[in-house]
Amino acid sequence: MGRADQSGEDPVTLRSDADHPASKDAYIPLLYGRSKGHSLRSNHQRLMAELLPRVAMPAPEKGPIDLAALFPQAEEFELEVGFGGGEHLAWHAGQRPKTGYIGAEPFLNGVAKLLQHIEKEGLSNIRVHHGDARPLIEALPSGAFSRIFVLHPDPWPKKRHYKRRMISPWFFVQAARLLESGGALRVASDIPDYVRWTLMHAQQAPAFEWTATRAADWRERPADWPQTRYEAKAIKEGRPPAYLEFRRT
Ligand SMILES: C[S@@+](CC[C@H](N)C(=O)[O-])C[C@H]1O[C@@H](n2cnc3c(N)ncnc32)[C@H](O)[C@@H]1O
(Lines give C-alpha, C1' and ligand atoms only; values in the text may rest on other atoms or scores of the structure.)
Protein backbone atom coordinates (compact mmCIF):
# COMPACT_ATOMS: atom_id res chain seq x y z
CA MET A 1 0.00 0.00 0.00
CA GLY A 2 3.04 2.23 0.18
CA ARG A 3 1.92 3.74 3.43
CA ALA A 4 4.63 2.54 5.79
CA ASP A 5 6.48 5.80 5.52
CA GLN A 6 3.52 7.97 6.38
CA SER A 7 3.53 9.56 9.75
CA GLY A 8 -0.03 10.87 9.58
CA GLU A 9 -2.40 9.02 11.84
CA ASP A 10 -6.07 8.66 11.22
CA PRO A 11 -7.84 7.18 14.21
CA VAL A 12 -10.82 5.29 12.93
CA THR A 13 -12.51 4.56 16.21
CA LEU A 14 -11.16 4.53 19.71
CA ARG A 15 -13.04 2.28 22.05
CA SER A 16 -10.43 2.05 24.73
CA ASP A 17 -6.92 3.23 25.29
CA ALA A 18 -6.06 0.16 27.31
CA ASP A 19 -3.12 -2.01 26.39
CA HIS A 20 -2.83 -3.95 23.15
CA PRO A 21 -5.63 -6.52 22.90
CA ALA A 22 -5.86 -8.82 25.81
CA SER A 23 -9.63 -8.76 26.01
CA LYS A 24 -12.42 -7.77 23.68
CA ASP A 25 -12.76 -4.40 25.39
CA ALA A 26 -9.14 -3.56 24.90
CA TYR A 27 -8.87 -3.28 21.12
CA ILE A 28 -7.41 -0.10 19.86
CA PRO A 29 -8.83 -0.16 16.38
CA LEU A 30 -6.60 2.53 15.01
CA LEU A 31 -5.03 2.51 11.60
CA TYR A 32 -1.53 3.69 10.93
CA GLY A 33 -2.49 5.06 7.55
CA ARG A 34 -5.86 5.88 6.12
CA SER A 35 -8.98 3.75 6.19
CA LYS A 36 -9.97 5.15 2.78
CA GLY A 37 -7.92 6.45 -0.12
CA HIS A 38 -9.23 8.02 -3.30
CA SER A 39 -12.95 7.57 -3.87
CA LEU A 40 -13.84 4.23 -5.36
CA ARG A 41 -14.17 3.84 -9.12
CA SER A 42 -17.64 2.75 -10.18
CA ASN A 43 -16.51 -0.84 -10.75
CA HIS A 44 -15.10 -0.99 -7.24
CA GLN A 45 -18.32 0.52 -5.86
CA ARG A 46 -20.28 -2.21 -7.63
CA LEU A 47 -18.01 -4.92 -6.20
CA MET A 48 -18.39 -3.52 -2.67
CA ALA A 49 -22.17 -3.40 -3.03
CA GLU A 50 -22.73 -6.69 -4.86
CA LEU A 51 -19.79 -9.06 -4.34
CA LEU A 52 -18.69 -8.20 -0.80
CA PRO A 53 -22.00 -9.28 0.82
CA ARG A 54 -21.60 -12.69 -0.88
CA VAL A 55 -18.02 -13.28 0.29
CA ALA A 56 -17.96 -11.41 3.62
CA MET A 57 -17.05 -13.19 6.83
CA PRO A 58 -19.75 -13.21 9.49
CA ALA A 59 -19.34 -10.42 12.05
CA PRO A 60 -17.03 -11.69 14.81
CA GLU A 61 -19.26 -10.00 17.40
CA LYS A 62 -21.86 -12.66 16.64
CA GLY A 63 -19.68 -15.33 18.20
CA PRO A 64 -17.44 -18.25 17.18
CA ILE A 65 -17.10 -18.75 13.42
CA ASP A 66 -17.88 -22.12 11.82
CA LEU A 67 -15.37 -22.54 8.98
CA ALA A 68 -16.87 -25.74 7.59
CA ALA A 69 -20.18 -23.94 7.05
CA LEU A 70 -18.43 -21.12 5.19
CA PHE A 71 -16.21 -23.35 3.05
CA PRO A 72 -17.99 -26.69 2.58
CA GLN A 73 -15.36 -27.89 0.06
CA ALA A 74 -12.20 -26.80 1.90
CA GLU A 75 -9.62 -29.29 3.16
CA GLU A 76 -7.54 -26.72 5.03
CA PHE A 77 -7.57 -23.02 5.93
CA GLU A 78 -5.17 -20.10 5.70
CA LEU A 79 -5.45 -16.55 7.02
CA GLU A 80 -3.92 -13.26 5.85
CA VAL A 81 -3.91 -10.33 8.24
CA GLY A 82 -3.76 -6.93 6.48
CA PHE A 83 -3.84 -8.15 2.87
CA GLY A 84 -3.36 -4.66 1.37
CA GLY A 85 -4.33 -4.89 -2.31
CA GLY A 86 -4.98 -8.64 -2.01
CA GLU A 87 -2.49 -9.78 -4.64
CA HIS A 88 -0.69 -12.19 -2.29
CA LEU A 89 -3.95 -13.69 -1.02
CA ALA A 90 -5.43 -14.05 -4.51
CA TRP A 91 -2.25 -15.75 -5.77
CA HIS A 92 -2.36 -18.38 -3.02
CA ALA A 93 -6.10 -18.91 -3.44
CA GLY A 94 -5.57 -19.52 -7.17
CA GLN A 95 -2.80 -22.04 -6.44
CA ARG A 96 -4.81 -23.99 -3.86
CA PRO A 97 -8.48 -24.20 -4.77
CA LYS A 98 -9.16 -26.71 -2.00
CA THR A 99 -7.87 -24.37 0.70
CA GLY A 100 -10.25 -21.87 2.29
CA TYR A 101 -8.66 -18.40 2.52
CA ILE A 102 -9.69 -15.68 4.94
CA GLY A 103 -8.36 -12.16 4.53
CA ALA A 104 -8.79 -9.24 6.93
CA GLU A 105 -8.18 -5.65 5.87
CA PRO A 106 -9.67 -2.38 7.13
CA PHE A 107 -8.55 -0.27 4.13
CA LEU A 108 -11.59 0.16 1.88
CA ASN A 109 -9.66 0.54 -1.38
CA GLY A 110 -7.64 -2.61 -0.59
CA VAL A 111 -10.82 -4.62 -0.02
CA ALA A 112 -12.18 -3.39 -3.36
CA LYS A 113 -8.95 -4.50 -5.07
CA LEU A 114 -9.18 -7.98 -3.59
CA LEU A 115 -12.81 -8.21 -4.75
CA GLN A 116 -11.60 -7.38 -8.25
CA HIS A 117 -9.13 -10.30 -8.08
CA ILE A 118 -11.89 -12.60 -6.83
CA GLU A 119 -14.17 -11.65 -9.70
CA LYS A 120 -11.57 -11.56 -12.50
CA GLU A 121 -9.84 -14.77 -11.46
CA GLY A 122 -13.06 -16.59 -10.55
CA LEU A 123 -11.83 -17.40 -7.03
CA SER A 124 -14.48 -19.15 -4.94
CA ASN A 125 -12.29 -19.99 -1.92
CA ILE A 126 -11.82 -16.52 -0.33
CA ARG A 127 -13.86 -14.88 2.43
CA VAL A 128 -13.23 -11.26 3.37
CA HIS A 129 -13.34 -9.44 6.67
CA HIS A 130 -13.47 -5.69 6.01
CA GLY A 131 -12.15 -4.36 9.31
CA ASP A 132 -9.72 -4.87 12.16
CA ALA A 133 -8.31 -8.42 12.10
CA ARG A 134 -8.12 -8.70 15.88
CA PRO A 135 -11.77 -9.37 16.81
CA LEU A 136 -11.95 -11.75 13.84
CA ILE A 137 -8.89 -13.64 15.07
CA GLU A 138 -10.49 -14.15 18.47
CA ALA A 139 -13.66 -15.57 16.89
CA LEU A 140 -11.82 -18.12 14.70
CA PRO A 141 -11.56 -21.77 15.81
CA SER A 142 -8.46 -23.26 17.43
CA GLY A 143 -6.09 -25.49 15.48
CA ALA A 144 -7.90 -24.87 12.19
CA PHE A 145 -5.23 -23.07 10.15
CA SER A 146 -2.22 -24.40 8.31
CA ARG A 147 -0.72 -20.98 7.61
CA ILE A 148 -1.06 -17.37 8.75
CA PHE A 149 0.45 -14.46 6.81
CA VAL A 150 1.24 -10.99 8.14
CA LEU A 151 3.12 -9.12 5.44
CA HIS A 152 4.55 -5.70 6.16
CA PRO A 153 2.39 -4.88 9.16
CA ASP A 154 2.10 -1.17 9.90
CA PRO A 155 5.28 -0.10 11.69
CA TRP A 156 3.97 2.28 14.40
CA PRO A 157 7.53 3.61 14.83
CA LYS A 158 6.94 5.81 17.88
CA LYS A 159 7.68 4.02 21.13
CA ARG A 160 4.42 5.13 22.75
CA HIS A 161 2.55 3.44 19.89
CA TYR A 162 4.33 0.06 20.08
CA LYS A 163 1.26 -1.39 21.81
CA ARG A 164 -0.63 -0.86 18.55
CA ARG A 165 1.66 -3.14 16.56
CA MET A 166 -0.05 -6.23 15.22
CA ILE A 167 2.91 -8.43 16.13
CA SER A 168 2.71 -8.64 19.91
CA PRO A 169 2.56 -11.21 22.72
CA TRP A 170 -1.21 -11.27 22.18
CA PHE A 171 -0.70 -12.07 18.51
CA PHE A 172 1.70 -14.95 19.16
CA VAL A 173 -0.73 -16.46 21.68
CA GLN A 174 -3.54 -16.23 19.15
CA ALA A 175 -1.40 -17.53 16.27
CA ALA A 176 -0.38 -20.50 18.43
CA ARG A 177 -4.04 -21.17 19.15
CA LEU A 178 -5.18 -20.91 15.52
CA LEU A 179 -2.41 -22.91 13.87
CA GLU A 180 -2.35 -26.68 13.70
CA SER A 181 0.80 -28.41 14.88
CA GLY A 182 3.47 -27.94 12.18
CA GLY A 183 1.58 -24.95 10.77
CA ALA A 184 3.46 -21.85 9.62
CA LEU A 185 3.36 -18.19 10.51
CA ARG A 186 4.91 -15.97 7.84
CA VAL A 187 5.84 -12.39 8.64
CA ALA A 188 7.59 -9.96 6.31
CA SER A 189 8.91 -6.51 7.07
CA ASP A 190 11.19 -4.02 5.36
CA ILE A 191 11.73 -2.15 8.63
CA PRO A 192 14.75 -3.44 10.59
CA ASP A 193 13.27 -2.40 13.94
CA TYR A 194 10.08 -4.33 13.19
CA VAL A 195 12.08 -7.39 12.13
CA ARG A 196 13.97 -7.30 15.44
CA TRP A 197 10.66 -6.76 17.29
CA THR A 198 9.12 -9.79 15.56
CA LEU A 199 12.11 -12.03 16.28
CA MET A 200 12.17 -10.92 19.91
CA HIS A 201 8.50 -11.76 20.40
CA ALA A 202 8.88 -15.03 18.51
CA GLN A 203 11.74 -16.01 20.77
CA GLN A 204 9.48 -15.43 23.77
CA ALA A 205 6.70 -17.54 22.24
CA PRO A 206 7.34 -21.15 23.28
CA ALA A 207 4.98 -22.56 20.64
CA PHE A 208 7.05 -21.26 17.72
CA GLU A 209 10.44 -21.91 16.22
CA TRP A 210 12.10 -19.82 13.52
CA THR A 211 12.73 -22.05 10.52
CA ALA A 212 15.76 -20.16 9.16
CA THR A 213 19.07 -21.98 9.33
CA ARG A 214 21.12 -19.61 7.14
CA ALA A 215 20.90 -15.96 6.14
CA ALA A 216 19.47 -16.76 2.70
CA ASP A 217 16.43 -18.31 4.39
CA TRP A 218 15.21 -14.91 5.53
CA ARG A 219 16.92 -12.66 2.99
CA GLU A 220 15.51 -14.37 -0.09
CA ARG A 221 11.82 -14.60 -0.85
CA PRO A 222 10.75 -18.24 -1.16
CA ALA A 223 9.31 -19.29 -4.54
CA ASP A 224 5.82 -19.76 -3.10
CA TRP A 225 5.75 -16.25 -1.64
CA PRO A 226 4.53 -13.83 -4.30
CA GLN A 227 5.70 -10.26 -4.24
CA THR A 228 3.25 -7.51 -3.30
CA ARG A 229 3.29 -3.99 -4.73
CA TYR A 230 4.24 -2.74 -1.30
CA GLU A 231 7.25 -5.03 -1.23
CA ALA A 232 8.38 -4.07 -4.75
CA LYS A 233 8.25 -0.40 -3.72
CA ALA A 234 10.24 -1.08 -0.53
CA ILE A 235 12.98 -2.84 -2.52
CA LYS A 236 13.06 -0.03 -5.09
CA GLU A 237 13.47 2.47 -2.27
CA GLY A 238 16.40 0.52 -0.80
CA ARG A 239 14.61 -1.35 2.00
CA PRO A 240 15.11 -5.07 1.37
CA PRO A 241 12.57 -7.07 3.37
CA ALA A 242 13.15 -9.94 5.76
CA TYR A 243 11.00 -13.00 5.06
CA LEU A 244 10.39 -14.74 8.38
CA GLU A 245 8.73 -18.10 8.81
CA PHE A 246 7.93 -19.63 12.20
CA ARG A 247 6.76 -23.19 12.68
CA ARG A 248 4.06 -24.04 15.23
CA THR A 249 5.72 -26.73 17.28
C1 LIG B 1 2.06 -1.57 4.93
S2 LIG B 1 0.54 -2.25 4.47
C3 LIG B 1 0.98 -3.84 3.78
C4 LIG B 1 -0.11 -4.43 2.96
C5 LIG B 1 0.15 -5.84 2.41
N6 LIG B 1 0.28 -6.81 3.47
C7 LIG B 1 1.34 -5.87 1.50
O8 LIG B 1 2.38 -6.42 1.89
O9 LIG B 1 1.25 -5.33 0.40
C10 LIG B 1 -0.16 -2.72 6.05
C11 LIG B 1 -1.58 -3.18 5.95
O12 LIG B 1 -2.08 -3.61 7.20
C13 LIG B 1 -3.42 -3.17 7.30
N14 LIG B 1 -3.82 -3.13 8.71
C15 LIG B 1 -3.52 -2.18 9.62
N16 LIG B 1 -4.10 -2.44 10.81
C17 LIG B 1 -4.79 -3.59 10.63
C18 LIG B 1 -5.61 -4.37 11.49
N19 LIG B 1 -5.83 -4.01 12.75
N20 LIG B 1 -6.18 -5.49 10.97
C21 LIG B 1 -5.94 -5.86 9.69
N22 LIG B 1 -5.18 -5.16 8.84
C23 LIG B 1 -4.60 -4.04 9.31
C24 LIG B 1 -3.39 -1.80 6.64
O25 LIG B 1 -4.66 -1.32 6.28
C26 LIG B 1 -2.50 -2.08 5.45
O27 LIG B 1 -3.20 -2.53 4.33
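**Figure 1. Met-200 is located in helix α7.** The structure shown is a predicted model, in which local features require pLDDT of at least 70, side-chain atom pairs count only at pLDDT 80 or more, and totals for chains, interfaces and linings use all residues. Residues are numbered from 1 along each chain as its sequence is written. Helices are DSSP runs of H or I with at least four residues, strands are DSSP runs of E with at least two, and both are numbered from the N terminus. Met-200 is exposed because 11 other C-beta atoms lie within 10 Å. A residue is called buried if 20 or more other C-beta atoms lie within 10 Å of its own, exposed if 12 or fewer do, and partly exposed in between, with C-beta atoms placed from the backbone. Met-200 and Ser-168 are 32 residues apart along the chain, and their C-alpha atoms are separated by 9.7 Å.

**Figure 2. The protein contains nine helices and seven strands.** Of its 249 residues, 37% count as buried. Two residues are in contact if their C-beta atoms, placed from the backbone, lie within 7 Å. Among contacts between residues at least 6 apart in sequence, 76% join residues at least 24 apart.

**Figure 3. Helices α1 (residues 42-55) and α4 (residues 108-120) cross at roughly 75°.** Their axes come within 9 Å; axes are lines fitted to C-alpha atoms, for helices over the stretch in contact, and angles run from 0 to 180 degrees between N-to-C directions. The two helices, α1 and α4, are therefore roughly perpendicular to each other, a term for angles of 65 to 115 degrees, whereas angles under 35 count as roughly parallel, over 145 as roughly antiparallel and the rest as oblique. On the α1 side, the contact involves His-44, Leu-47, Met-48, Leu-51, Leu-52 and Val-55. These residues meet Ala-112, Leu-115, Gln-116, Ile-118 and Glu-119 in α4. The residues of this contact comprise eight nonpolar, two polar and one charged. Ala, Val, Leu, Ile, Met, Phe, Trp, Tyr, Cys and Pro count as nonpolar, Asp, Glu, Lys and Arg as charged, and the others, Gly among them, as polar.

**Figure 4. Val-81 belongs to the largest nonpolar core, which has 45 residues.** A nonpolar core is a set of buried Ala, Val, Leu, Ile, Met, Phe, Trp, Tyr and Cys residues joined through C-beta atoms within 7 Å. Val-81, Leu-114, Ile-148, Val-150 and Leu-178 touch the most other members. Apart from neighbours within four places in sequence, Val-81 is in contact with Ala-104, Ala-133, Ile-148, Phe-149, Val-150 and Met-166. In soluble globular proteins, nonpolar side chains tend to be buried together.

**Figure 5. Helix α3 (residues 87-95) has buried residues, among them His-88 and His-92.** Leu-89, Ala-90 and Ala-93 of α3 are also buried. The buried residues of α3 pack against strands β1 (76-81), β2 (99-104), β3 (126-129) and β4 (145-151), and against helix α4.

**Figure 6. Helix α6 (residues 169-178) includes both buried and partly exposed positions.** Trp-170, Phe-171, Phe-172, Ala-175 and Leu-178 are buried. The buried residues of α6 pack against β1, α5, β4, β5 (179-189), α7 (192-203) and β6 (208-210). Gln-174 also lies in helix α6, but it counts as partly exposed because it has 19 C-beta neighbours inside 10 Å. Beyond residues up to four places away in sequence, Gln-174 touches Ile-137 and Glu-138. The C-alpha atoms of Gln-174 and Arg-134 are separated by 9.4 Å.

**Figure 7. His-152 and Trp-156 lie in the loop between β4 and α6.** His-152 has a positive phi of about 55° although it is not a glycine. Trp-156, also a residue other than glycine, has a positive phi near 40°. His-152 counts as buried because it has 22 C-beta neighbours inside 10 Å, whereas Trp-156, with 18, counts as partly exposed.

**Figure 8. Ser-142 is found in the loop between α5 and β4.** Ser-142 has 12 C-beta neighbours inside 10 Å and therefore counts as exposed. Not counting residues up to four places away in sequence, Ser-142 touches Arg-177 and Leu-178. The C-alpha atoms of Ser-142 and Glu-180 are separated by 7.9 Å, although these residues are 38 apart along the chain.
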